[in-house]
Amino acid sequence: MRTLIIEDERSLAAAIAEGLAAEGFVTDIAHDGPEGLWRALHEPYDVIVLDIMLPGLSGYEVLKRLRHARVWTPVLVLTAKDGEYDEADALDLGSDDYLSKPFSYVVLVAHLRALLRRGAPARPAVLRAGDLSVDPARHRCRRGERDIELTAREFALLEYLARHTDEVLSKTDILTHVWDEHFDGDTNIVEVYVGYLRRKIDAPFGRSTIETVRGAGYRLRSPAG
């Protein structure tokens, strides 16, 4: 399996390459963001190991540009110890897995083999339903070229609907994923927030993207749905 290692710490990059080679991986190394991005865009790799702190372009920016260019090669991001925010940001930008430093090569190889088994299904980091786009990494919502301001809860609800476009989601599903599985308030809060969203993402544009499915829940419809 051909692997690209994008890591600016040369000794660490060499050690990773040596360890992977012993497991049968063919490896290339890039020591900065621009070189790593160029290789990932122009050469065929089965998997990419990407550090976050890189000169030239950060790992975040490399990952974002890869996904924007519709390159879906599986990416494992290396994060700092206890880097929960690093991990969350990387996943939001479209990474497939992460591993905190320091790590063992046994665990690294296991993660990479798991990624290789899953392959590289196309899945955009920015969620879309027609001209409505939801970007979890930037916490940004747009209808065409127009930005739409949403509260944190409104955005969380729209993101959940957008991740399940054309699927009917019950109030219970929504409460569990957007509020809390132990939420014991009035379930009509979902209806209230759906109304808020409709007034922001649909009404000003003459659209009806969020559909009420009577007795079942809500559905975010794509134009072809």
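Me: What is the accessible surface of the protein, and what share belongs to carbon and sulfur atoms?
Reply: About 11,700 Å², of which 50% belongs to carbon and sulfur atoms. Such areas come from the Shrake-Rupley method with a 1.4 Å probe; for residues, only the protein chains shown count as cover. This is a predicted model: local features need pLDDT of at least 70, side-chain atom pairs count only at pLDDT 80 or more, and totals for chains, interfaces and linings use all residues. Residues are numbered from 1 along each chain as its sequence is written, and side-chain values use heavy atoms, leaving out hydrogens and water.

Me: What makes a run of residues count as one of the helices or strands?
Reply: DSSP runs decide: helices are H or I with at least four residues, strands are E with at least two, numbered from the N terminus. The protein has eight helices and 11 strands.

Me: Why is Asp51 called buried?
Reply: Buried means under 20% relative accessible area, exposed over 50%, partly exposed in between (1.4 Å probe, protein chains only). Asp51 has 5%, so Asp51 is buried. Asp51 lies in strand β3, residues 47–51. Of the 225 residues of the protein, 42% count as buried.

Me: What does UniProt list for Asp51?
Reply: The unreviewed UniProt entry gives "modified residue: 4-aspartylphosphate". UniProt positions follow the numbering used here, feature names are shortened, and annotations may be inferred rather than shown by experiment.

Me: Which residues does Asp51 touch, not counting those up to four places away in sequence?
Reply: Ile6, Glu7, Asp8, Gly59, Leu78 and Lys101. Contact means heavy atoms within 4.5 Å.

Me: How do you know that Glu9 forms a salt bridge with Lys101?
Reply: A salt bridge is a side-chain nitrogen of Lys or Arg within 4 Å of a carboxyl oxygen of Asp or Glu. The closest N and O atoms of Glu9 and Lys101 are 3.8 Å apart, so the pair qualifies. The pair links distant parts of the chain, 92 residues apart: Glu9 sits in the loop between β1 and α1, Lys101 in the loop between β5 and α5.

Me: What makes Glu35 and Arg39 a salt bridge?
Reply: Their N to O distance is 3.2 Å, within 4 Å, so they qualify. Being four residues apart in helix α2, they are separated by about one helical turn.

Me: How do you know that β10 pairs with β11?
Reply: Two strands pair if DSSP finds at least two bridges between them. Strands β10 and β11 have four, so they pair. They run antiparallel. They form a hairpin with three residues between them, and Gly215 in the turn has a positive phi of about 80 degrees. Glu211 and Arg219 also meet in a salt bridge, at 2.7 Å, N to O.

Me: What makes a set of residues a nonpolar core?
Reply: The members are buried Ala, Val, Leu, Ile, Met, Phe, Trp, Tyr and Cys residues joined through side-chain atoms within 4.5 Å. The largest one has 26 residues; among those that touch the most other members are Cys141, Leu157 and Leu220. Its largest share, six residues, comes from α6. Apart from it lies another core, of 19 residues, including Tyr45 and Ile48.
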